[in-house]
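Subject: Structure for you to look through

Hi,

Here is the structure I promised to hand over. Please open it first, then read my notes beside it.

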Amino acid sequence: MDLRYLISQMPKFMDALELTVGIGFFGMALAVIWGLALIGPRMSSRSWIRTPVIAYIELVRNTPLLLQVYVVYFGLPIFGILISGFFCGVIGLASQHGAFLAEIYRGGIEAVSKHQREAGKALGMTQLQSMRLVILPQALIKIAPLMSNQLVLLIKDTAVVSAIGVMELTLAAKVTIERSAATMEVFVLIAILYLILTSSLGLVARGLETWQRKRSSR
Amino acid sequence: MLDVFFANLPYLLKGMLITIEFAFGGIVVGTLLGVGLGILAVVFPSVVGKLIAVYVFVIRGIPVLVWMFMGYTGLGALISDFMAVLIVLILYTSAFVAEIARGAILSVHHGQIESAKSVGMRWPLMLRLVILPQAINISLPALVNNSIMIIKATAYVSVVGVWELSYAAREVVERTLAALDVFLGVMMMYFVICYPLAIIANRLEKRFAFQH
Amino acid sequence: MPMIRVKDLKKRFGTVEVLKGITFDVEKGEVFVIIGPSGSGKSTILRCLNFIEEYDDGEVVIDGELLGYRLDDKGRRVRQTEAEIARMRTEVGMVFQSYNLFPHVNVIDNLTMAPVHVKGVPKADAVALAMELLAKVGLTEFAEAFPSRLSGGQQQRVAIARALAMQPKVILFDEVTSALDPELIGEVLQVMRQLASEGFTMIIVTHEMDFARDVGQNLLFMDDGLIVEQGPPKELLARPKTGRMQDFLARFHGKEKVA
């Protein structure tokens, strides 16, 4: 166990960790928003709006994230758009996880009883008002644990950008191992770092589950 | 538009074959292993159960790509690359299936176990006749969804350096620069396998919804 | 002018015609009761009166205004916009069989939500009115509680207060005691009696025959999508004219509830 070598490489790993967290954070934020943008059209009564959105969601959910990131990374330059690997990763993550979240949102909204919608209607609320005041708050309570679970998956998926040269944790580990013999040490280090990331998010998920159970005691 | 894709289709199809081998091996063996672990975790909750919980926690908490690097670098020195990443896929699958199986077994209604006990059944018989049949029904949608996840995960072996569909796709793109054609076409190849499974999972979920 | 005028109301669900041409008037301050067997369409009528069900034919006129539709310049019927329908609903209160209180907010917020967000009433005024209404239904001490803490009867009383908070012109009651345990029905009927005595225009679908007889001023007996009998409750319930109503009432003999 060459700890000294490991310690000397720490700054690099901390930079890489920062990138991992950065991609995760931006990816999740964008995914939440993208998912919200998708549910409206997804649940539209007009099939010409609904169908393309469903097609996109199913395509993105049933194909490897790696290929989707490749499409962004190798495809955009064809149109003259050049963005960094970091943002390609963020876009790819937001696109796929946003689609998953849209389906989670949809499940939550549909689970809110039709009666609640009627009560809002009877009080003279417009569709938008009943969504905002009655349905979405209740849907959110139901789906909070599922959403934080998605965040755990997303943090793990940040590893995909190592394939396009972004120096996050996974690539940093790969590169360090190739340069030295400290295979064991590096693996243990990033294993621990990833476990810290995923388990702390997991704790948040567990906490939300408890909060949800308390809030929906009916 | 997709002529580059179709021109290279034979090459890509060979890659798809390898992908299917990985997916099949990983899913079948991994699911069997996972079910076994899940049952053990329920029947012996104190020691074995805790060990399995740690196993599940560690495997699920680390990206599959990292596991593949570890497998490829570590095991890959001793056995072939193909076997190394296949073993990674099997173990990765088993961790998820263990959780699914454990959850499904535990969610079989308490009353079932009580009535089984009251007619004199003991654990092995109870498991075989009462619990597992119902647990299988309950867990089917999750197992199918899990399989979709594993099929998608096979793409990561290309990053480590093992040749299959995604690796072939990147080769073709780097040669022809027809990124959109080829990658979108290859995405459709994965889609054609995964989407039917997604529909099956959906139907299964609806069919067993009444159970809860 | 009657508060509510219903003319030849028709409604179908798919291929089934649930309302086959219903006509009646409800005067201001009247307590109008609708009874009938399950499937007769009585709840559907009520739900057409605030356009939660969109009726297919006929007219519903509320205080002189046509509900749900508007006549275009060619004299053809055109569905009103969501905004117009929502506005009309603020004048018609509804209390549901399953109370439908909002579980994610407490009692006071349940009462103030619509007045503040739909009518634009300042929060302080809405809260003041809400507290008054809670006192009226006897639940002041539960102002900060969440609906899940309340019994069925208490929740239904809050639901009535919530409908009243919009200060509607008429209140619809859709079998509001049918989902309650017997011992909780009384407290809800008591509130309804009080509202009646205060001169509210009320349309009540119910199975509580004693209540209908004591408090109702006009009674409708429905069967199979049509009005079979109509008149003062005391008369009709004592001397039903048709065999169908006689059969229906016979099922309630010996089941008289103490209200």
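Chain C has an open sheet of four strands, in the order β2-β1-β4-β5, with antiparallel pairing. Strands are DSSP runs of E with at least two residues, helices are runs of H or I with at least four, and both are numbered from the N terminus. Two strands pair if DSSP finds at least two bridges between them. This is a predicted model, where local features need pLDDT of at least 70 and side-chain atom pairs count only at pLDDT 80 or more, while totals for chains, interfaces and linings use all residues. Residues are numbered from 1 along each chain as its sequence is written, and chains are lettered from A and ligands numbered from 1 in the order in which they are written.

β2 (16-26) and β5 (65-66) of chain C stand at its edges. Each has a single partner strand, so one side of each lacks a neighbour in the sheet. β4 (residues 57-62) of chain C pairs with β5(C) in the antiparallel sense, over two bridges. Look for Val61(C): its bridge partner in β5(C) is Leu66(C).

Now find helix α1 of chain C. α1(C) lies across β1 (4-13), β2 and β4 of chain C. It runs at about 115° to β1(C). (Axes are lines fitted to C-alpha atoms, for helices over the stretch in contact, and angles run from 0 to 180 degrees between N-to-C directions.) Is α1(C) enclosed or open? Eight of the eight residues of α1(C) (residues 42-49) are buried, so this helix is largely enclosed by the rest of the structure. (Buried means 20 or more other C-beta atoms within 10 Å of a residue's own, exposed means 12 or fewer, and partly exposed is in between; C-beta atoms are placed from the backbone.) Among the buried residues are Lys42(C), Ile45(C) and Arg47(C). Phe51(C) follows α1(C) and has a positive phi, near 60°.

Two other helices of chain C pack together. α3 (residues 107-117) and α5 (residues 152-164) of chain C have axes 8 Å apart, at an angle of about 25°. α3(C) and α5(C) are therefore roughly parallel to each other. (Under 35 degrees counts as roughly parallel, over 145 as roughly antiparallel, 65 to 115 as roughly perpendicular, and the rest as oblique.) Val107(C), Asn110(C) and Leu111(C) in α3(C) meet Val158(C), Ala161(C) and Arg162(C) in α5(C).

Next, chain A. It has eight helices and zero strands. Of its 218 residues, 42% count as buried. Its C-alpha trace spans about 70 × 45 × 25 Å along its principal axes.

Chain A also meets chain B. 28 residues of chain B are in contact with 29 residues of chain A. (Contact means that the C-beta atoms of two residues, placed from the backbone, lie within 7 Å.) α10(B) gives the most to the side of chain B that touches chain A, with 11 residues. That side divides into 23 nonpolar, three polar and two charged residues. (Ala, Val, Leu, Ile, Met, Phe, Trp, Tyr, Cys and Pro count as nonpolar, Asp, Glu, Lys and Arg as charged, and the others, Gly among them, as polar.)

Last, Tyr156(B). It lies in the loop between α7 and α8 (157-160) of chain B. Tyr156(B) counts as buried, with 28 C-beta neighbours inside 10 Å. Leaving out residues up to four places away in sequence, Tyr156(B) touches Leu66(A), Val64(B), Leu65(B) and Met68(B).

Best wishes
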